[in-house]
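Welcome! Let us walk through this structure together, one part at a time.

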Amino acid sequence: MSVLPPEVHAALAQLLRALQSTDNALRTQAEETLQQEWIVQRPDVLLMGLAEHIQGADDVAARSHAAVIFRRMATKTQKDPLTNQHKELFAILPEPQRNAIRAKLLESLSGETVASVRNKIGDAIAEVARQYTDDSILAPNGDREVWTELLQSLFHASQSPDPEQREAAFKIFTTTPGIIEKQQQDVLQTVFTKGFADADVSVQLAAMHAFSAFFRSLAKKHQQRYYPQTVNMLAVLAQLRPQTSESMDGKVNGAGSGDSENLTKALMILIELAETAPKMFKPWFPDLVKFSMTVISDKQLDDTARQNALELMATFADFSPQMCRKEPTYTKGMVTQCLSLMTDVGEDDDDAAEWNAAEDLEMDESDLNHVAGEQCMDRLANKLGGTEVLGPTFEWLPRMMQSHSWRDRHAALMAISAISEGCQEQMEGELQQVLGLVVPALIDFHPRVRWAGCNALGQMSTDFKGTMQTKYHQVVLPAIIPVLKSAEPRVQAHAAAALVNFCEEAEKATLEPYLDSLLDNLLTLLQSPKRFVQEQALSTIATVADSAEDAFSRYYDALMPNLFNVLRTDHGKDHRLLKAKAMECATLIALAVGKERMGHDALGLVQILGAIQDNITDDDDPQASYLLHCWGRMCRVLGPDFLPFLKDVMPPLLKLAQSKADIQLLDDEENVAQMEQEEGWELVPLKGKYIGIKTSTLDDKHMAIELINVYAQHLEIAFEPYVLEIMEKVALPGLGFFFHDPVRVASAKCVPALLNSYKLAHGVQSQQFQHLWNGTVEKILEVLETEPAIETLAEMYQCFYESVEVCGKNCLSSEHMAIFITAAESVLQEYQKRVKGRFEDAQDREDGDEAGEDELFAIEDDQTLLSDMNKAFHTIFKNQGISFLQHWQRLLNYYSTFVTNPDPTQRQWALCIFDDVLEFCGAESWRYSSHIINPLIDGIRDNVPANRQAAAYGAGVAAHKGGEAWSDFACVSLPVLFTATGRPDAREDDHVFATENACASIAKILHYNKSKVQNEQQYIEEWLKTLPVVNDEEAAPYAYAYLAQLIDNQNPALQNADTAAKCFRYVAEALEAETLQGQIAQRIAGALKNLIIFANLDPAQLLAQLPYETQQTVRTFF
């Protein structure tokens, strides 16, 4: 029965028809009417009218459209007149209207007979239900309001004799799992068990979807209660391939053919669950592996089903690698199936004629079997490791490389490309043998095998960078350079692309012998009729120039005129990317050879770039983004000579840097689907809607800010005219540009360079600079409190301390320092929560499982954050001194907690901060001695070298800067420091810096704070044995300055000729290592001359015992 009068329904029906009109004007008018006359003036009538329309309209399309519009309107945000807060439209309605509309919706759901309409009604109900589970709707007493009838209705529908009603109930559970989250476990278990056992496959799959959504919404500690449901879901999976069902549930299901579409759906649900809780599958994992292998290998099934079975297995490698390693059939079976899929390539194109004729090299092949196999091999290698994957893979590869089928050879080479990163440690020692398989492929008769050979060499050049270039250049380059002459353009281009990978990691000396043949062939490719070959040749030439540096100079005359010709010729839109690549190549060559070698060409190139910029009119012209980078390179080449061109470069750069985020709120499924197909957009789900963010615009904004930083850094004082505008309109707003992390990072890097430019122009004490600094530091401190991304927050701390370094002594007020400490405390609290969460996750992991990639990245991000926070504390102490202590001491509890934590990163963080107190606060540091002394002593004994280094350094600065108050500690720390220098691993690479810091700290104690030291001469004799210091440039001057003092004082320890000769060698080694430089090196060299006389040494004999290079270095000081 309708509660609204007929005229309202008539008006609403007319409006709904107009909203669907193909007449743009009519539709626009209808949207305006909907907003102004219905949403604003009578939202309750609108939603009730739509609910009644859903129930009562005779036309199926009308009911369907009404359900869609209801869903959109119910979730539309509007200001609540009672609370003045923005809420969703349904939540604003008075309680009686809400209850009436809810009842209408439930009646419609139970009475609707058309499945498509019922699904849309279910979507509308789910959106309303979400508002209740999100606590958006409160009862008059302020408690959370509950939609009790919904649960009753859905539980009733899930038991309905009508399978479509049962399916609809589970679909709503899927969309809004929060509505059943707090229900009794036994009730839910019963509902799901019945759903999985349903006679209708659609209901079974809907139940699996609902279970997955519900399960993933639970806290981890509650998930385990529902693990027993796994076997019921696997029974559904098995039923979709009846011939294999017995292996997973112990029962033989009825006959029937495998159902690819439904099998795919079931596999995708299991993938979601495997990502969330792989342990739930553990009891049935061997059977699931066996089942999945049969699906992957079944060529009668659709490729999508086979690939999803592969994805399910790969997901276990991602999230529970140890469970996979423990299953004997897993790795061998997966490698075999991946290699088999990888041979499924080039169907109906045996001679590769179609492949070679293709012009679109970026064609999406992600849904093809061979790509799925390659990607899975890469994941297996990275997640399971080379020890697990390499053996089973190389059981196949030699045979495949000898196969008469080109597809087998192609698959083998692509497998090498796929696993080389994950198997790097194991493969690096076997590169000679691996290259023995790959290099012959470069002369294979089949072009796709040669292409795959180039691909393998390119990937290996990246994954084994350094080793490939230094040890195997004589194997790789003579083999791949001739491939540039191949008859097939795609092979030519891929050989050139592989050379990019090799050359960008190669030293100049490595490339020089090959430059003639390499560049001759690349120049030939520039004449290719295929534009993609020309473009790749230009990219490769640019890389070669970048790596060859000034050795490229002799090829300049052969190349640059050709590039100028390309840049001056207009071949139309099709050649714009080619010109962009030519710009890139020319400017990289300019960087390689320098301004002097270019002569007048430098000015000519800049003028050409200006002409190109003046003729860019289309938003999609690729030359525009390339051009911005080219200007940046020419700025580096020309330095101050670039200034006259800045007036033309900056306007388009500033326009990009100031561009706003292009954001759209999408609440229509068709709009969402359309945007998903468009490149350059990111969709972010939000309360049943999606926010579309145009990332291509943000990428350009990020690039523009990066280039502004280049100009500010290289032009310094000359960039001053642009600083205020950029700081106000680009850099400081960019720090809070939360739509795009890279924009915030680029802005953070830009701020110190802009400050420096302005300081150089006006002086740090000028009123202009102080005004700029005050506004800047307030914004930086603000983002230290609000930045949500850990990785980006580290960049904000870097921005802060680099900016303080620019401004110098006493640039922070007491208020600034107080805000800094408040922000730091918040960061440390959140860090501790993350550490606790990771510890709890580790407790849940399979024995032997390591942390996942995401967790390792998170740990690395936290370590970077703590490191940059440390530098910020260091910089404040350095510039503010003891005035920072009153604020710093607010965090004493954190320092004390961190310095005793089992986590070495936390101990190091606190030790470094204690070091700063000792170094920059002098005698005032003694006030905190009770917090510092024991951590330093324990730290010197720490087995982690970074912590030992920090603690040893602290002991030295306490003696050097702390004064008499620290003299007892200095005396007590001496034996502990000597023990640190005498460790068996003291001179190993990882430990030598800690050892050298201990050596220098002993010197500081004996030099600056020895009043409580007994047996000084004995300590001196022992200290001489802790030398040399040849790695740490900060420690070396203190150690050798003390040695020079001993020499000047003719200390008895140096009267021994052997000891004196060793000291001579120690100094010589430090001079050769350049840890001693400048005046301190001259001072030590002078002392060394005195030592030779004092100890009666033969200098010629001493020199003869040194390596030739060290002899030459020493002679320059004598």
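How far apart are the end C-alpha atoms of helix H48? They are 26 Å apart, which agrees with the 26 Å that its 18 residues, 904-921, should span at 1.5 Å a residue. The expected span is 1.5 Å times one less than the number of residues, and helices are DSSP runs of H or I with at least four residues, numbered from the N terminus. Please keep in mind that this is a predicted model, where local features need pLDDT of at least 70, side-chain atom pairs count only at pLDDT 80 or more, and totals for chains, interfaces and linings use all residues. Residues are numbered from 1 along each chain as its sequence is written, and side-chain values use heavy atoms, with hydrogens and water left out.

Because 14 of its 18 residues are buried, H48 is largely enclosed by the rest of the structure. Buried means under 20% relative accessible area, exposed over 50%, and partly exposed in between, using a 1.4 Å probe and protein chains only. At the start of H48, the backbone nitrogen of Thr 905 has a side-chain oxygen of Asp 903 within 3.2 Å. After the helix comes Gly 922, with a positive phi near 55°.

Now look at helix H53, residues 1016-1024, which contains Gln 1018. With 49% relative accessibility, Gln 1018 counts as partly exposed. Its C-alpha atom is separated by 8.9 Å from that of Ala 1053, 35 residues apart along the chain.

Finally, find Phe 642 and Phe 645. Phe 642 is buried, at 0% relative accessible area, and Phe 645 is buried too, at 16%.

Note on methods. Helices (H or I, at least four residues) and strands (E, at least two) are DSSP runs, numbered from the N terminus. A polar contact is a pair of N or O atoms within 3.5 Å; within protein, one must be able to donate a hydrogen and the other to accept it, and residues adjacent in sequence count only if both atoms are side-chain atoms.
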